[in-house]
Amino acid sequence: MTRLGMVIDTRRCVGCQDCVVACKTENRTPEGYHRDWITYATTGRFPSLSLLIQSERCNHCDDPPCVSCCPTGASHVHDWGGVVLITRDECIGCKACVASCPYDARYIHPDGYADKCTFCIHRVERGQDPACVAVCPTRCMHFGDLDDPESEVSRLLASRRHHTILPEAGTRPRIFYLE
Amino acid sequence: MTPPAPELISTAHSPLTDPELHAWGWEIAVYLFLGGLTAGLLVLCGHALWRGRRSPASAPSFALASSGLPLIGLAAISLGMLALFLDLAHKPFVWRLYLTMQPRSPMSWGAWILVLVYPVLLAGVLLDPPSWLGARAPALTRRFRAIADHDRTRRWIGLVSIATGVALGVYTGVLLSSLGARPLWSSGLVAPLFLVSGMSTSAAIAHVVSPDHGERDQLLRLDSLLITVELGLLALFLIGLSSSTEAHAAAARLVLGGPYTAVFWVGVVVLGLVLPLGLQILTAAGRIADTPVAAVLVLCGGLALRFVIVFAGQTSHWSRP
């Protein structure tokens, strides 16, 4: 079974925000809203500082709380690839999914429905990478089937140390960050 | 030396413009309060129906107050649902709630429970109709009077009313506690806390509207008991969070020294629980005259509790590296 996921190399990411701009352009998100973003976490004490840059978005969790809390079934797991999607015409804008996401990945679109990253499913189903992955100038982002041991993402995860965001939230995210 | 906390900059939620998630506003707090109040009214009315009505002297059962309570419940739940509707961002699609039943979604359960609330409250109104209704629809009230006089049927309706009230009260808490992303809410005690608070506010209202002295005294004692239980549940809720993970402990600190401390301790605990409890004890002991002040304080405290839990809960979050 196909299980789509993303692997992001934090050693290569420079936080240029090309992925953010590509997503806005591809998905035409309204002004002031975006489906992906960059976090810059500085740890340590000067002069021994370390900077972790991460490109973040919906984690398309294996156990998505946004899907289980949705009262209408608008938030659902797509038949192919396990991508978490929203059917706009079924969403009542109750915001339970916004509150349920530990990553704050969702927002309410000015037209009223909940919105978030779709892994650019419209591109992926045509055999293309998500827009953010396609434009990355440092090639730090990789996309593919986590259930296929021969896929690039699976091989990267098998060979490098990695982490997910807030694993303690128990949602089993499908975006992995190489260390 | 303790290492400094990581400095986190995110382009998703700029600290300058969007310091924290606030998906739900006053509408949800008001809805949870009115839903809890209606839940308590359903339980009180159900109890009255179960015990038998119109004989308060021989079997005290909130019988007199109950005659007006279903109407208050109808008004409260209608206002609550209006608040809920106002909160929806995609209003034209609200009917989608009733095309499906999502067993893992407390909100879906709530939507269907609300469908049950109206006929149960309406049955409460018709089984003991107010005089103006009896005058305008004599045939209808005669028919329901016959049902009310049938003990077995009346008791069953009472049981359904109690069950619906408990389901409604519990659901308002589970709605929040099922959202594990907000550590302040992820406690199993939110549901009983909201249920007991809802029952306390309904007992306060029943105490004000009841015309019978003995019944008012009984309701006063019931409310005192409920407030005491609520204080205990609040203490357990905060102890549970404080002794859990750092994210949960940080959530508890929002009301234990954090930005919601003043409104929680002054608005909810002192003015909403301790002071009315003291007034009720003095009233029950005959030291002061019976006034609606305690009831008003209980109602304001119940509303303040929902506001604090809803707003502080959205501020609470899992810690980032």
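Let's start where the two chains meet. Strands E3(A), E2(A) and E1(B) line up in that order as an open sheet of three strands with antiparallel pairing. A strand here is a DSSP run of E with at least two residues, a helix is a run of H or I with at least four, and both are numbered from the N terminus. Two strands pair if DSSP finds at least two bridges between them. The edge strands are E3 of chain A and E1 of chain B, and each pairs on one side only. From one strand to the next, the twist averages 15°.

A quick word on the model itself: it is predicted, so to speak of local features takes a pLDDT of at least 70, side-chain atom pairs count only at pLDDT 80 or more, and totals for chains, interfaces and linings use all residues. Residues are numbered from 1 along each chain as its sequence is written, while chains are lettered from A and ligands numbered from 1 in the order in which they are written.

## Zooming in on the strands

Strand E2 of chain A (residues 37-45) and strand E3 of chain A (residues 48-56) run antiparallel and are joined by nine bridges. They form a hairpin, with two residues between them. Look for Gly44(A), which stands opposite Leu49(A) in E3(A).

Now for the link between chains.

## Where chain A touches chain B

Across the whole interface, 39 residues of chain A are in contact with 35 residues of chain B. Contact means that the C-beta atoms of two residues, placed from the backbone, lie within 7 Å. On the chain A side, the elements that give two or more residues are E2, helix H2 (65-68) and helix H3 (96-100). E2(A) gives the most, with eight residues.

Sorted by class, this side of chain A has 21 nonpolar, eleven polar and seven charged residues. For the sorting, Ala, Val, Leu, Ile, Met, Phe, Trp, Tyr, Cys and Pro count as nonpolar, Asp, Glu, Lys and Arg as charged, and the others, Gly among them, as polar.

## Chain A as a whole

Chain A has six helices and ten strands. Its C-alpha trace spans about 50 × 40 × 35 Å along the principal axes. A compact globule of 179 residues would have a radius of gyration near 16 Å, and chain A agrees, with 16 Å. (That radius is taken over C-alpha atoms, and the globule rule is 2.2 Å times the number of residues to the power 0.38.)

Buried residues make up 46% of the 179 in chain A. Buried means that 20 or more other C-beta atoms lie within 10 Å of a residue's own, exposed means 12 or fewer, and partly exposed is in between, with C-beta atoms placed from the backbone. Of the contacts in chain A with a separation of 6 or more, 55% come from residues 24 or more positions apart.

## A second sheet in chain A

Chain A also has an open sheet of four strands, in the order E8-E1-E10-E9, with mixed pairing. Why is one side of E8 (141-145) and of E9 (162-163) left without a neighbour in the sheet? Both stand at the edges, so each has a single partner strand. Still, E8(A) is largely enclosed by the rest of the structure, because four of its five residues are buried.

Five bridges join E1(A) to E8(A), and the two run antiparallel; Ile8(A) has Met141(A) as its bridge partner in E8(A). E9(A) pairs with E10 of chain A (residues 175-178) in the antiparallel sense over two bridges, with His163(A) opposite Tyr177(A). Helix H6 of chain A (residues 152-159) lies across E1 (4-9), E8, E9 and E10, running at about 110° to E8(A). For such angles, axes are lines fitted to C-alpha atoms, for helices over the stretch in contact, and the values run from 0 to 180 degrees between N-to-C directions.
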